[in-house]
Amino acid sequence: AIAGRKLAPVAGLFRHVFMARCHRLGGSPQGGSMSLIYYDQMPSPIGPLFLVADDEGLREVRFEFEKRPHEPLDGWVHSAQQLAQVRHQLEAYFSGERQTFDLPLKPQGTDFQQSVWQALTTIAYGTTASYGQISQQLDRPKASRAVGAANGRNPIPIIIPCHRVIGSNGSLTGFAGGLAAKQWLLGFEAAASFKLQASSKS
């Protein structure tokens with residue numbers, strides 16, 4: 001079973017994860033920025049993933065059956081090379097060889113959304129947290145619903161692990177990639193964590 005765990009302090013870890021400065025550009029990948037936007041696609045156990053980045057960092061990871069289109073906008077440049085490190089680290093994650101990511105990230109969102117996504121990066125691999133726990137961590141104890149909305153707008157799932165957030169009663173709640181994908185990710189991480197703990201004791 002996947003148990004919740006007390007969350008680590010946000011400061012420091014998020015600055016390490018978000019190597020690129022996060023800008024508020026209104027949420028869309030083009031968002032008024034003049035930098036080139038690159039894209040690539042990769043297979044995964046939960047379906048094809050569509051990757052979007054610029055010269056500063058990764059902007060989006062899109063699932064196949066979600067609201068965001070699985071195709072580039074006009075002017076975007078296909079570049080497997082630009083997204084090679086993202087793809088490499090995701091492949092290592094899905095093979096069970098990587099539990100954390102070390103990538104420059106550039107998600108687009110409001111200050112509050114950024115603070116929620118920052119908090120998500122403190123949820124350890126193989127564990128879960130509730131919306132209430134996240135809101136408490138942000139010193140916004142009555143903001144569980146707002147936290148849930150921000151969680152649902154996370155543009156870089158898996159790497160910013162919104163799949164590790166569940167309802168206070170243990171229910172899976174929503175996920176952009178679908179509940180089946182969320183259940184797979186949580187089960188995969190739980191099994192990999194158990195295997196790692198078992199091997200360390202032997």
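Student: What makes α3 mostly covered?

Tutor: Seven of its 10 residues are buried. Buried means under 20% relative accessible area, exposed means over 50%, and partly exposed is in between (1.4 Å probe, protein chains only). The buried residues of α3 are Gln113, Gln114, Ser115, Val116, Trp117, Ala119 and Leu120. A word on the basis: this is a predicted model, where local features need pLDDT of at least 70 and side-chain atom pairs count only at pLDDT 80 or more, while totals for chains, interfaces and linings use all residues. Residues are numbered from 1 along each chain as its sequence is written, and side-chain values use heavy atoms, with hydrogens and water left out.

Student: How many helices and strands does the chain have, and what makes a stretch count as one?

Tutor: There are six helices and six strands. Both are DSSP runs numbered from the N terminus: a helix is H or I over at least four residues, and a strand is E over at least two. Reading along the sequence gives α-β-β-β-β-α-α-β-α-α-β-α.

Student: Which helix packs against α3, and how is such a pair described?

Tutor: Two packed helices are described by the angle between their axes and the distance between the axes. Here the partner is α5, residues 144-152, at about 80° and with the axes 9 Å apart. Each axis is a line fitted to C-alpha atoms, for helices over the stretch in contact, and angles run from 0 to 180 degrees between N-to-C directions.

Student: Why is α3 called roughly perpendicular to α5?

Tutor: Look at the bands: under 35 degrees is roughly parallel, over 145 roughly antiparallel, 65 to 115 roughly perpendicular, and the rest oblique. The angle is about 80°, so α3 counts as roughly perpendicular to α5.

Student: Which residues make the contact between α3 and α5?

Tutor: From α3 come Phe112, Gln113, Val116, Trp117 and Leu120, and they meet Ala146, Val147, Ala150 and Asn151 of α5. Contact means heavy atoms within 4.5 Å. By class, that makes seven nonpolar, two polar and no charged residues. The nonpolar class is Ala, Val, Leu, Ile, Met, Phe, Trp, Tyr, Cys and Pro; Asp, Glu, Lys and Arg are charged; the others, Gly among them, are polar.

Student: Is Asn151 buried or exposed, and how do you know?

Tutor: Asn151 has 5% relative accessibility, so it counts as buried. This residue of helix α5 touches Val116, Leu120, Tyr131, Cys162 and Val165, leaving aside residues up to four places away in sequence.

Student: And why is Ala146 called partly exposed?

Tutor: Ala146 also sits in helix α5, but its relative accessible area is 33%, so it falls in the middle band. Its C-alpha is 9.0 Å from that of Tyr131, which is 15 residues away in sequence.

Student: What joins the side chains of Thr122 and Gln137?

Tutor: A polar contact of 3.5 Å. That term needs a pair of N or O atoms within 3.5 Å; within protein, one must be able to donate a hydrogen and the other to accept it, and residues adjacent in sequence count only if both atoms are side-chain atoms. Thr122 is in the loop between α3 and β5, and its 7% relative accessible area makes it buried.

Student: What stands out about phi in Asp139 and Ile158?

Tutor: Most residues other than glycine have a negative phi. Asp139 has a positive phi of about 60°, and Ile158 has one near 75°. Asp139 is in the loop between α4 and α5, while Ile158 is in the loop between α5 and β6.

Student: How do you know which of them is buried and which is exposed?

Tutor: Asp139 has 66% relative accessibility, so it counts as exposed. Ile158, at 1%, is buried.

Student: How many residues does the chain have, and what part of them counts as buried?

Tutor: Of 202 residues, 47% count as buried. The chain exposes about 10400 Å², with carbon and sulfur atoms supplying 53% of it. Accessible areas come from the Shrake-Rupley method with a 1.4 Å probe, and for residues only the protein chains shown count as cover.
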